[in-house]
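The whole chain comes after that.

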Amino acid sequence: MAPLGIIAGLGDLPVQVAKAATERGQGVFVLRMKGFEEPSLANYPGIVVGVAEIGKTFKALKQAGCEQVCFAGIVKRPDFQALKPDLKGISLLPKAISAAREGDDALLSFLIKTFENEGFRVIGADEAAGSLTGEQGVLAGSTPVADQMEDLKKAAKVASEMGRLDIGQGAIVAGGLVLCVEAQEGTDEMLRRCADLPVQIRGSETSRKGVLVKRPKPQQERRIDLPTIGMMTVDLAAEAGLAGIGFEADGALIINSEQVKARAEALGLFLYGFPKDWP
């Protein structure tokens, strides 16, 4: 079986993908993005490459015998003027910049097409790691009560609209009031902003109120950059005084699922998966 090529950034997701592929006997070859090297991946076969070293990336994947490629982990949008591309990167950079001007979705779709044109099959982290997506219903904590369900529905609608505009994948609503929406800063920073808001509108550890919702953008290429929920997400939601976290069933990755569910239970938060066509 040909090894899985992993284009890896920071975080637990690429580690989960590498572990799963290794355990099923496929093996991996990991290309860690320069400046975003996840320390936990250092012992896996692979190399460090620059974001714009596309030719080097293709050559390394082919020499390793990879046929499938998975993108996983956190890599921030680059400063294109500061990149140091190789020859292949130079030829692709104008198209990449043009796609980036259209938004993240266009840039990621361009990236996938570039790898497919080179003969690789691009697969999602959910397929590569297996069963990472959250299911519909209550995964942890108590069933949301009526006002919490209304907050979930509103946050889901706001997140969908923000996604349609290619802005972000998350929103926080408490008592019917939109507290925060996610943009380029990411979920963690959005939650930290929420924690700085007046406690009267966001709840507290002793009187939790409000929800975080994460869902894919409606037009999103789902093989890359699906919303993720991990231990940090739960911890920061708890610090912000929120009552729970909602996500689109089969449309969000839950990293280290059993630990995340246990942490949510311990902190008094619910995890709730809603259907794709909701609300």
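## Helix 10

In this predicted model, helix 10 spans residues 257–267 and has Val 260, Lys 261 and Ala 264 buried. Buried means under 20% relative accessible area, exposed over 50% and partly exposed in between, with a 1.4 Å probe and protein chains only. Helices are DSSP runs of H or I with at least four residues, strands are runs of E with at least two, and both are numbered from the N terminus.

Viewed down the axis, the buried residues of helix 10 lie within an arc of 95°, so they line one face. That arc covers the directions from the helix axis to the C-beta atoms. An α-helix has 3.6 residues a turn, so residues three or four places apart point the same way. Glu 258 and Ala 266 are exposed, on the face turned away from the buried side.

## Packing and helix end

The buried residues of helix 10 pack against several elements (contact: heavy atoms within 4.5 Å). Among them are strand 6 (137–140), helix 9 (231–239) and strand 13 (270–274). Just after helix 10, Gly 268 has a positive phi of about 85°.

## Whole chain

The protein chain holds 10 helices and 13 strands. Buried residues make up 50% of its 279 residues. Its C-alpha atoms fill a box of roughly 55 × 40 × 30 Å along the principal axes.

## Basis

Residues are numbered from 1 along each chain as its sequence is written. Local features need pLDDT of at least 70, side-chain atom pairs count only at pLDDT 80 or more, and totals for chains, interfaces and linings use all residues, while side-chain values use heavy atoms, without hydrogens and water.
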